[in-house]
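Please look through the sequence and the model below before reading on.

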Amino acid sequence: MTVTTAPTAPTVSAGTARATTVATADGPFTVVVDPDGTVLASGWTTDADALVGLTHPDLRPAGTTSVPDDDPAVAPAVAAVRAYYAGDLHAIDAVPVRQVSGPYRAHAWDVLRTVEAGDPVTYTRYAELSGRPAAVRAAAGACAMNAAALFVPCHRVLRTDGSLGGFRYGLDVKRSLLAHEARHTSR
């Protein structure tokens, strides 16, 4: 698990971030990484600037450069996305991610990376796993503020009644991801 968080110390990305967009079964997926290849933001869009806008101000790069998907900084993340869509659901787990927030949200993002593909949890269960069973809204807030979609798999959290709830990239994408994971999970 590689969510790096810093609730007090700023970790401004030095230099320009790199971004690339790859085709997936759910539409174009863009990944924005810092110069060392750590994911700052990602999601089903072609708008890298919108993704950068989701990052904490302490992490926002001065600029973003579009690079080919084999650029050394983005290549590991791109390979993980392609492997995930090919059925290797754990390929995304080793990709380093950097997000900044307060202690609870940072911990909740770490916990989110432990939710198994094919075994989604409810927001209530997610709050319990995060160590604060009564903090269901805070757990939902961690999902809503997650800038690194797929790598921090907020799509694996459902409403208590089993319905999908929300998802920044649309319920069709969330439904598709959950179905993909259910198909490729060996039980």
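Six aromatic pairs turn up in a search of the whole structure; rings of Phe, Tyr and Trp (its six-membered ring) pair if their centres lie within 6.5 Å, and planes under 30 degrees apart count as stacked, over 60 as edge-to-face and the rest as tilted. The rings of F29 and W44 make an edge-to-face pair, because their planes stand at 70° with the centres 4.9 Å apart. This pair links distant parts of the chain: F29 belongs to strand β3 (residues 27-33), while W44 is in the loop between β4 (39-43) and α1 (48-54), 15 residues apart. Helices (H or I, at least four residues) and strands (E, at least two) are DSSP runs, numbered from the N terminus. Both F29 and W44 are buried, where buried means under 20% relative accessible area, exposed over 50%, and partly exposed in between (1.4 Å probe, protein chains only).

The model is predicted: local features need pLDDT of at least 70, side-chain atom pairs count only at pLDDT 80 or more, and totals for chains, interfaces and linings use all residues. Residues are numbered from 1 along each chain as its sequence is written, and side-chain values use heavy atoms, with hydrogens and water left out.

A further edge-to-face pair is formed by F167 and Y169, with 5.8 Å from centre to centre and 70° between the planes. F167 and Y169 are both buried. Ring pairs join F29, W44, F151, F167 and Y169 into a cluster.

Where in the chain does Y169 lie? Its place is the loop between β8 (157-158) and α6 (171-184). With a relative accessible area of 16%, Y169 counts as buried. Leaving aside neighbours within four places in sequence, Y169 is in contact (heavy atoms within 4.5 Å) with S42, G43, W44, T45, L51, L54 and A149. H155 is 14 residues from Y169 along the chain, and their C-alpha atoms are separated by 9.7 Å.

Next come the helices. Helix α3 (residues 103-112) is largely enclosed by the rest of the structure, because seven of its 10 residues are buried. These are Y104, A106, A108, W109, D110, V111 and L112. The ring of Y104 has the charged end of R132 over it, 4.5 Å from the ring centre; a charge sits over a ring if NZ of Lys or CZ of Arg is within 6 Å of the ring centre and within 35 degrees of the ring normal.

The axes of α3 and helix α5 (residues 136-144) come within 9 Å and cross at roughly 70°. Axes are lines fitted to C-alpha atoms, for helices over the stretch in contact, and angles run from 0 to 180 degrees between N-to-C directions. The two helices α3 and α5 are therefore roughly perpendicular; angles under 35 degrees count as roughly parallel, over 145 as roughly antiparallel, 65 to 115 as roughly perpendicular and the rest as oblique. From α3, the contact is made by Y104, R105, A108, W109 and L112, and from α5 by A138, A139, G141, A142 and C143.

How many disulfides does the structure hold? There are zero, a disulfide being a pair of cysteine sulfur atoms within 2.5 Å. For C143, the nearest cysteine sulfur is that of C154, 5.6 Å away, which is too far for a bond. C143 is buried at 9% relative accessibility, and C154 is buried with a relative accessible area of 9%.

A148 is in the loop between α5 and β8 and is buried, with a relative accessible area of 0%. Not counting residues up to four places away in sequence, A148 touches V39, A41, S42, V97 and Q99. A148 and L40 are 108 residues apart in sequence, but 6.4 Å apart in space, C-alpha to C-alpha.
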